[in-house]
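Reader: I would like a close look at one part of this model, the salt bridges and what surrounds them. Please keep it brisk.

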Amino acid sequence: MQGFDWNDLRVLLAFARMGSYAGAARQLAVDETTVARRLRALEHDLGTELLLREADGRPRLSPTGRAITAEAESMERSGDVIAETIGAAAEAARGIVRLTAVPVVANRILVPALGNLTTRYPGLTIELVPEPSDLSLTLRECDLAVRLARPRDGGTRVTARRIGTLHYGVYGRHDRTAEASLPWITYDAAMASLPPSRWLAKRIADGDAACSLRVTDADTALEAAAQGLGLTLLPKAAAEADARLGALDSNGWPDPPQREVWLLGHADRRALKSIRAVAEWLEGLPAFCPD
């Protein structure tokens, strides 16, 4: 066996986590041809077969590939520790932390508060991903995730703790909040199981009018309400920071729902100073009102 390029192990890790050339290419911001070429080069340098072909032609890890991937993950963790040791010597968290949350939380709550974090830790870079669907922590699509429900899965390698509560209220454009007869901006069927969607569906079932617009996330609902298209249910921390919106009194409606705020992370990365710094910042945000 001759020497090999250590960076090719990152390509192998990306393939293992994403399960395809295309997925690895997206994660590494390269093209699929580069991924395939570097994996072939790694096989040649190691003198062993890392990938096998399924009957349908799709590549998968060989037993040797899986074993080397496990060692590469260990090396990755060691590299993180080394980087943290350097950061600790400078008494500062540094590096890149990839953080995801639903768009309304990412754009309306996290972004306005980010200045405090980056001022305190100038060596820290936050990759913020406003994503309505759940990115995978086990596949390393993100380092930390803020989610609005107790996680149902993730396994032993994912940590989860509740960091607060998001309270909701009814909002419309500030100069139209007296018009309680405005139609409701609702969610599409894919969101039907979520508490805000259920609350709004009950208003329609009780005879209130529905807006001709249906949305797939609260950030879009907020913009629609700000444009005067109707009323909707929004997180108070997001809506009250927007001068275009005004809150409505209960008007006989049942109390709006609340949603638990959960912070998810990697079990094997929770000790890193960069991860701890971001986690502690999230836990201290006033928007996530503690019980």
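Reader: Is Arg-161 buried, partly exposed or exposed, and at what relative accessibility?

Author: Arg-161 counts as partly exposed, at 38% relative accessibility. Note that the model is predicted. The side chain of Arg-161 meets that of Glu-283 in a salt bridge, 2.5 Å from N to O. Arg-161 sits in strand β6 (residues 158–173) and Glu-283 in helix α9 (residues 273–283), so the pair ties together parts that are 122 residues apart in sequence. Glu-283 also counts as partly exposed, at 33% relative accessibility.

The structure holds 12 salt bridges in total. Another one links Arg-98 and Glu-127, with the closest N and O atoms 3.1 Å apart. Here two strands are tied: Arg-98 belongs to β3 (residues 95–101) and Glu-127 to β4 (residues 124–130), so the bridge spans 29 residues in sequence. Arg-98 is partly exposed, with a relative accessible area of 29%. Glu-127 is partly exposed at 33%.

Now a buried arginine. Arg-203 has a relative accessibility of 3% and counts as buried. Its side chain meets that of Asp-206 in a salt bridge, 3.6 Å from N to O. Some salt bridges share partners: Arg-108, Asp-219, Glu-223, Asp-242 and Arg-244 are joined into one network this way.

Asp-219 is one of the buried residues of α7. Seven of the nine residues of this helix (residues 218–226) are buried, so α7 is largely enclosed by the rest of the structure. The N-terminal end of α7 is capped by Asp-217, which places a side-chain oxygen 2.9 Å from the backbone nitrogen of Asp-219. Just after the helix, Gly-228 takes a positive phi of about 85°.

Strand β8 (residues 210–215) runs parallel to β7 (residues 184–187), and three bridges join the two. Tyr-187 stands opposite Val-215 in β8. From β7 the chain crosses through helix α6 (residues 195–205) to β8, in a right-handed β-α-β crossover.

One more arginine deserves a look. Arg-259 is in strand β11 (residues 258–266). At 11% relative accessibility, Arg-259 counts as buried. A polar atom of its side chain lies 3.1 Å from the backbone oxygen of Leu-148. Setting aside residues up to four places away in sequence, Arg-259 touches Leu-148, Ala-149, Gly-164, Thr-165, Leu-166, Tyr-168, Leu-194, Pro-195 and Pro-196.

Beyond four places in sequence, Phe-288 touches several residues, including Val-105, Ile-109, Leu-110, Val-146, Ile-163, Val-261 and Leu-282. Its contacts also include Gly-164, Thr-165 and Leu-166. These three residues are among the contacts of Arg-259 as well.

How values were computed: Residues are numbered from 1 along each chain as its sequence is written. This is a predicted model: local features need pLDDT of at least 70, side-chain atom pairs count only at pLDDT 80 or more; totals for chains, interfaces and linings use all residues. Side-chain values use heavy atoms; hydrogens and water are left out. Helices (H or I, at least four residues) and strands (E, at least two) are DSSP runs, numbered from the N terminus. Buried means under 20% relative accessible area, exposed over 50%, partly exposed in between (1.4 Å probe, protein chains only). A polar contact is a pair of N or O atoms within 3.5 Å; within protein, one must be able to donate a hydrogen and the other to accept it, and residues adjacent in sequence count only if both atoms are side-chain atoms. Contact means heavy atoms within 4.5 Å. Two strands pair if DSSP finds at least two bridges between them. A crossover is right-handed if, with the strands pointing away from the viewer, the path from the first strand over the helix to the second runs clockwise. A salt bridge is a side-chain nitrogen of Lys or Arg within 4 Å of a carboxyl oxygen of Asp or Glu.
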